[in-house]
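Biologist: I'd like to go through this model with you and ask how you back up each label you use. Shall we take a look?

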Amino acid sequence: MKKIAVLTSGGDAPGMNAAIRAITRMALDRGLEVMGVQRGYNGLINGELFQMDRHSVSDIIHRGGTILRTARCDEFKTEEGRKKAANVLKVYGIDGLVVIGGDGSFTGARLLSQLGVSTVGIPGTIDNDLSYTDYTLGFDTALNTVLDAINKLRDTSTSHERVSIVEVMGRHCGDIALFAGIAGGAESIIVPEMSFDQDELCKTILSGKLKGKMHNLIILAEGVGGAEDLAKHVEEITGIETRATILGHIQRGGSPSAFDRVLASRMGAKAVEVLLEGKSSRVIGIRGGQIIDDDINEALAMPRKFDEKLYEIATALSY
Ligand code: ADP
Ligand code: F6P
């Protein structure tokens, strides 16, 4: 292993830059050459690569987004596209590729490794939807962004004695809603993994009102459905003024939290170590506080996990 490359792919996540920095500096420290690939798999197919040195990653540990830019690339989903990408790596003399992204990007990396490229994945997505790892990069920062919004919405909801429905991201995963709901003291948390009945929700809101609750905060994961429609229904049934807030892409931006910066640094270092050990088709994660690497096929095949115990705790604490 003499030369490696790094790219970011799919939805961006705070902490991606800290990971790029760690990969680059650790690789240089171990005597490897490093190239940055721009715009994910698109850039790989089109040969958008540049040489990186220690200075290329200066002043980025605190920045959200990704200096390498990110993209979604349909061409990479074809065998022909992946062959082009593998050829570009060959032409540049690159022996190993680190892919920072979510499950889609990992699927791409897995297929690329079948063409003889050594690949390692770092989980970069705010959704925390990869089962093999306790946390993905960006999740903690996104949670703190959501929490900040919930705190503000609590103020105005209390003043007006309203119900506030906050729609958060997470694609098909309810982790952002669950963790932010607990941290924000939400009255109800609605996630795709747990069944939910609109009329039961209305009853709970009304009983909260009877108990003297000044507001009612409901955190809704995007995978369940629209906040606006739910707000209309709740207002109609309960007669309590209800507002919907869709947090959207602000959840993906911002300076990474200390947790995400440290996680990115540890995962980036581990990715280089794994490539130097001659391994391929691996993904880096954290389990029980330890940084681990797993086989990419096994990691992607793991069934989705949802912490039902935590959900139970959230329910018990909410009233
Ligand atoms: P994420 O990595 O955040 O889950 P996407 O699902 O959008 O994001 O995937 C990012 C990119 O990974 C896609 O645009 C595509 O280039 C690549 N990718 C996703 N799924 C596949 C697949 N089945 N085969 C090959 N490449 C894929
Ligand atoms: O994968 C992260 C994520 O933020 C999801 O939670 C969300 O559904 C999706 O990306 C939106 O991505 P975009 O608007 O970039 O297509």
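**Ligands and helix packing**

Modeller: Let's start with ligand 2: one of its oxygen atoms is 2.9 Å from an N or O atom in the side chain of R252. Keep in mind that this is a predicted model, where local features need pLDDT of at least 70, side-chain atom pairs count only at pLDDT 80 or more, and totals for chains, interfaces and linings use all residues. Residues are numbered from 1 along each chain as written, chains are lettered from A and ligands numbered from 1 in written order, and side-chain values use heavy atoms, with hydrogens and water left out.

Biologist: What makes the R252 pair a polar contact?

Modeller: A polar contact is a pair of N or O atoms within 3.5 Å. R252 and ligand 2 come in at 2.9 Å, so the pair passes the cut-off. D127 gets there too, with a side-chain N or O atom 2.7 Å from a ligand 2 oxygen, and for R72 the value is 3.1 Å, again from a polar side-chain atom to an oxygen of ligand 2.

Biologist: Which residues are around ligand 2?

Modeller: R72, T125, D127, M169, G170, R171, E222, H249 and R252. Being near means having a heavy atom within 4 Å.

Biologist: And how many residues surround ligand 1?

Modeller: 17, with R72, C73, G102, G104 and S105 the closest. R72 has a side-chain N or O atom 2.6 Å from an oxygen of ligand 1. G104 uses a polar backbone atom, 3.0 Å from a ligand 1 oxygen, while R171 puts a polar side-chain atom 3.3 Å from one.

Biologist: On to the helices: why is α7 called oblique to α8?

Modeller: Helices here are DSSP runs (H or I, at least four residues). The axes of α7 (residues 198–210) and α8 (residues 227–238) come within 10 Å and cross at roughly 55°. Under 35 degrees would be roughly parallel, 65 to 115 roughly perpendicular and over 145 roughly antiparallel, with the rest oblique, so α7 is oblique to α8.

Biologist: Which residues make that α7–α8 contact?

Modeller: Q198, D199, L201, C202, I205 and L206 of α7, plus L230, H233, V234, I237 and T238 of α8, where contact means heavy atoms within 4.5 Å. By class, that's seven nonpolar, three polar and one charged.

Biologist: How about α1 and α9: at what angle do their axes cross?

Modeller: Roughly 40°, for α1 (residues 16–29) and α9 (residues 258–276), with the axes coming within 7 Å. That makes α1 oblique to α9 as well. The crossing is right-handed, meaning the near helix is turned clockwise from the far one by less than a right angle. A18, A19, A22, I23, M26 and A27 in α1 meet R261, A264, S265, G268, A269 and V272 in α9.

Biologist: Last pair: is the crossing of α6 past α11 left-handed or right-handed?

Modeller: Left-handed. α6 (residues 175–183) and α11 (residues 308–317) pack at about 35°, with axes 10 Å apart. L178, F179 and I182 of α6 and L310, Y311 and A314 of α11 make the contact.

Biologist: What makes those contact residues nonpolar?

Modeller: Ala, Leu, Ile, Phe and Tyr are among the residues that count as nonpolar, so the α6–α11 contact comes out as six nonpolar, no polar and no charged.

Note on methods:
Axes fitted to C-alpha atoms, helices over the stretch in contact; angles between N-to-C directions. Helix = DSSP H or I, 4+ residues; strand = E, 2+ residues; numbered from the N terminus. Polar contact = N/O pair within 3.5 Å; in protein donor to acceptor, adjacent residues only side chain to side chain.
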